[in-house]
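Okay, everyone, I've got one structure for you today.

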Amino acid sequence: MASSQSLKLPSLNNVEIPVHIIHAEENQIQDPAVDELDYSQRGQWLRAAVLGANDGLVSVASLMMGVSSVKEDVKAVIVVGFAGLVAGACSMAIGEFVSVCTQRDVEIAQMKREKRKGSSKSDENNEKLPNPVQAALASALAFAIGAVVPLLAAAFIRQHKVRMAVVVGVASVALVVFGVVGALLGGTPMVKSSARVLVGGWMAMGTTFGLTKLIGSDHGMQF
């Protein structure tokens, strides 16, 4: 009886599991993490690009609508819109540069702490540090692209009311496009994303138009 049990025990302990099954299970566990990492990195650049273009479009279109509420001269509208483009692009670039520099400093400090602890992740993270200059240029360019849309729409229209209608119409179409692009690349519902961006743009343009007209008419300011 003892000899029969000793023969059965090794047979139970030496059960072999195929190697390809182990590798398949490891791949199934690792793949979602890799996809999540790639999605996160893509989402950061997508957020910066979409927000920059949307800010440029809404800011300059709102400025132009505000000036148009008190002044019908097309030159004044274009000059104010161009000033808003330059100022906004510079502001976006500086803000993004400072923000990414701060993030970079935090990550470098974390890498130094890991290096003192003997962690091997510090060398891998060194290659993934954000570039402040690249981020600043990308934000400024995205803002300028969005801001050019209402400027081009109003540049060649002399009639005051027609110009305002064209600016609102073109800005609305561009906002929907930005919302759709952001939804497609980010994996979010297109209708919800587009509606959110569009309503936000309308609110900004309407508020700027109404408040500027109110101040210009009530206080009798000469423009």
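So, contacts: among those in the protein between residues at least 6 apart in sequence, 72% join residues at least 24 apart, where contact means heavy atoms within 4.5 Å. Quick caveats: this is a predicted model, so local features need pLDDT of at least 70 and side-chain atom pairs count only at pLDDT 80 or more, while totals for chains, interfaces and linings use all residues. Numbering runs from 1 along each chain as its sequence is written, and side-chain values use heavy atoms, with hydrogens and water left out.

What does the secondary structure come to? Seven helices and zero strands; both are DSSP runs numbered from the N terminus, helices being H or I with at least four residues and strands E with at least two. From the N terminus on, you read α-α-α-α-α-α-α.

Of the 223 residues, 30% count as buried, with buried meaning under 20% relative accessible area, exposed over 50%, and partly exposed in between, using a 1.4 Å probe and protein chains only. The protein exposes about 14600 Å², and carbon and sulfur atoms supply 65% of that; those areas are Shrake-Rupley, 1.4 Å probe.

Now to one helix pair. Helix α5, residues 132–154, and helix α6, residues 160–186, have axes that come within 8 Å and cross at roughly 150°. The axes are lines fitted to C-alpha atoms over the stretch in contact, with angles running from 0 to 180 degrees between N-to-C directions. So α5 and α6 are roughly antiparallel to each other, the label for angles over 145 degrees. α5 passes α6 in a right-handed crossing, meaning the near helix is turned clockwise from the far one by less than a right angle.

Who meets whom? On α5 you have Gly146, Val149, Pro150, Ala153 and Ala154, and on α6 they meet Arg163, Val166, Val167, Val170, Ala174 and Phe178. That contact divides into nine nonpolar residues, one polar and one charged.

Stay with Phe178, in α6. Leaving out residues up to four places away in sequence, Phe178 touches Val50, Ala53, Asn54, Leu57 and Gly146. Phe178 and Ser194 are 16 residues apart in sequence and 7.4 Å apart, C-alpha to C-alpha.

Last stop, Lys71, in the loop between α2 (19–68) and α3 (74–116).

Methods
Parallel < 35°, antiparallel > 145°, perpendicular 65-115°, else oblique. Nonpolar A, V, L, I, M, F, W, Y, C, P; charged D, E, K, R; others polar.
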